[in-house]
Each structure stands twice: as C-alpha cells, then as structure tokens.
Amino acid sequence: MSGQYSCEFCSNYVYDEDYEEYTCVVNMDEDDLARLYQSKHSSCPYFSYGDEYKLAKKQ
C-alpha cells in the first residue's frame, strides 16, 4: 500500500469511551507533532494498518 491512508484503517485509531469519539493513541511529544505538521509528506509516519482480528483482541 502506498499514499495517504485513512485513519479509519489505522490500528492506532481507537474509540475513547470517555470522550465518545475516535482518537489516535500514538504517544507523540510536541517535537514529533510539529515535525508531522511541517512534513511535506501527507501520510502519517505512525500509520499501522489495522488488522480487524488484532483490533478485536484489544477490546
């Protein structure tokens, strides 16, 4: 797979019951976040293609 991926398919994108919304659970500091926003590449370097069976095990 190449190009930009949708957050919906990322294994780091999980439902947060407290906030009642999906969030990215990658632990980034301010420098990492700044690099991500300033990057010329549109795809997330932390994207991990989600496997439905692995995701089900987290729940």
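This is a predicted model: local features need pLDDT of at least 70, side-chain atom pairs count only at pLDDT 80 or more; totals for chains, interfaces and linings use all residues.
Trainee: Which cysteine sulfur is closest to the one in C10?
Mentor: The sulfur of C24, at 5.8 Å. That is too far for a bond.

Trainee: And what is the closest cysteine sulfur to C24?
Mentor: The one in C10, again 5.8 Å away and too far for a bond.

Trainee: Remind me, what kind of bond is a disulfide?
Mentor: A covalent bond between the sulfur atoms of two cysteines.

Trainee: Is C10 buried or exposed?
Mentor: C10 counts as buried, because its relative accessibility is 8%. Buried means under 20% relative accessible area, exposed over 50%, and partly exposed in between, with a 1.4 Å probe and protein chains only. C24 is at 45%, so C24 counts as partly exposed.

Trainee: New topic. Where is D29?
Mentor: In the loop between β2 (21-24) and α1 (30-38). Helices (H or I, at least four residues) and strands (E, at least two) are DSSP runs, numbered from the N terminus. D29 has 42% relative accessibility, so it counts as partly exposed.

Trainee: Which backbone nitrogen does the side chain of D29 reach at 2.8 Å?
Mentor: That of D32. A polar atom of the D29 side chain also lies 3.1 Å from the backbone nitrogen of D31. For polar contacts, the pair is N or O atoms within 3.5 Å; within protein, one must be able to donate a hydrogen and the other to accept it, and residues adjacent in sequence count only if both atoms are side-chain atoms.

Trainee: What about D16, which strand is it in?
Mentor: D16 sits in β1, residues 13-16. Its side chain reaches the backbone nitrogen of Y19 at 3.3 Å. Beyond neighbours within four places in sequence, D16 is in contact (heavy atoms within 4.5 Å) with E21 and T23.

Trainee: Zooming out, how many helices and strands are in the protein chain?
Mentor: Two helices and two strands. From the N terminus, the order is β-β-α-α.

Trainee: What share of the 59 residues counts as buried?
Mentor: 14%.

Notes: Residues are numbered from 1 along each chain as its sequence is written. Side-chain values use heavy atoms; hydrogens and water are left out. A disulfide is a pair of cysteine sulfur atoms within 2.5 Å.
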